[in-house]
Amino acid sequence: MRWYCRAASRRTRIPAAGSWPGTPREPCWPHAEATVKFASGAPRNEVKSVAWAPSGNLLATCSRDKSVWVWEVDEEDEYECVSVLNSHTQDVKHVVWHPSQELLASASYDDTVKLYQEEGDDWVCCATLEGHESTVWSIAFDPSGQRLASCSDDRTVRIWRQYLPGNEQGVACSGSDPSWKCVCTLSGFHTRTIYDVAWCQLTGALATACGDDAIRVFEEDPGSDPQQPTFSLTAHLRQAHSQDVNCVAWNPKEAGLLASCSDDGEVAFWEYHQPAGL
């Protein structure tokens, strides 16, 4: 297993001016191009996460006021809030869309994950995923959208699987809505809060960002039962940063290229090589 930073040194700090080392010191977003097209007056509390739907026509936001907002974008780039969802009982930390459907998921300080879909002229909560014992910080769909990973302050990653009505496994569904069941829990690998989880859309590798300053990568074991999958820790980058690792993100075009950011003020780029046989 080989890990190395893609930058010239072990990691690259992004200068305050927003430019990369070795390039002219110009902002990454020039003022002429970074004009604000729209600004919302709500919610009134901290907005913690924002995510576009795959269609580009819907935007989701979540806030410390316990709400999830769904915005609709028209052809003239006008933004309208079409739904305010108040299903959580505590701060909402993260929102993410299904990779191919207009299905929205949110993670919260109330220890749950909730899923939403449009019904008629409004959006409704269609599922609540319970099992974590503390704050759920982040969530990520796998490439198929049939599974969802969640990470938590309880130092575990849970893998949830979607079951459609009439499924062969006999998992009960409510009417025409699918059910989501936890089919795997990754525990004992992290020593502190897991702040982020990222599922590579190219390879299926699962990366985590942890409060113990480390980055870990998991791979599903070949031949494991889809209904009870098993994952192995294939890479553990200790001291990836000198402080908490807050976020990890896989490049959507280049397999194995991973970016991370941390409380240490640095952004780092890493190359991950899958073990032979996977």
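Select K48 and E46. Their side chains form a salt bridge, with the closest N and O atoms 3.3 Å apart. A salt bridge here is a side-chain nitrogen of Lys or Arg within 4 Å of a carboxyl oxygen of Asp or Glu. K48 is partly exposed, at a relative accessible area of 38%. E46 is also partly exposed, at 43%. The cut-offs: buried is under 20% relative accessible area, exposed is over 50%, and partly exposed lies in between (1.4 Å probe, protein chains only).

This is a predicted model, where local features need pLDDT of at least 70, side-chain atom pairs count only at pLDDT 80 or more, and totals for chains, interfaces and linings use all residues. Residues are numbered from 1 along each chain as its sequence is written, and side-chain values use heavy atoms, leaving out hydrogens and water.

Together with E46 and K48, they are linked in a network of salt bridges. The structure holds 8 salt bridges.

Next, pick R147 and D142. Their side chains meet in a salt bridge of 3.2 Å, N to O. Both residues are buried.

R161 sits in strand β12, residues 157-163. Strands (E, at least two residues) are DSSP runs, numbered from the N terminus. Show the surroundings of R161: beyond its neighbours within four places in sequence, its contacts (heavy atoms within 4.5 Å) include R147, W180, K181 and P226.

Move on to the sheet. Four strands form an open sheet in the order β14-β15-β16-β17, with antiparallel pairing. β14 (194-199) and β17 (231-237) stand at the edges with a single partner strand each, so one side of each has no neighbour in the sheet. From one strand to the next, the twist averages 20°. Strands pair if DSSP finds at least two bridges between them.

Zoom in on β15 (residues 206-210) and β16 (residues 215-220). They pair in the antiparallel sense over 4 bridges. Select T208: its bridge partner in β16 is R216.

R216 is buried, with a relative accessible area of 2%. D212 is buried too, at 15%.

Note on methods:
Axes are lines fitted to C-alpha atoms, for helices over the stretch in contact, and angles run from 0 to 180 degrees between N-to-C directions.
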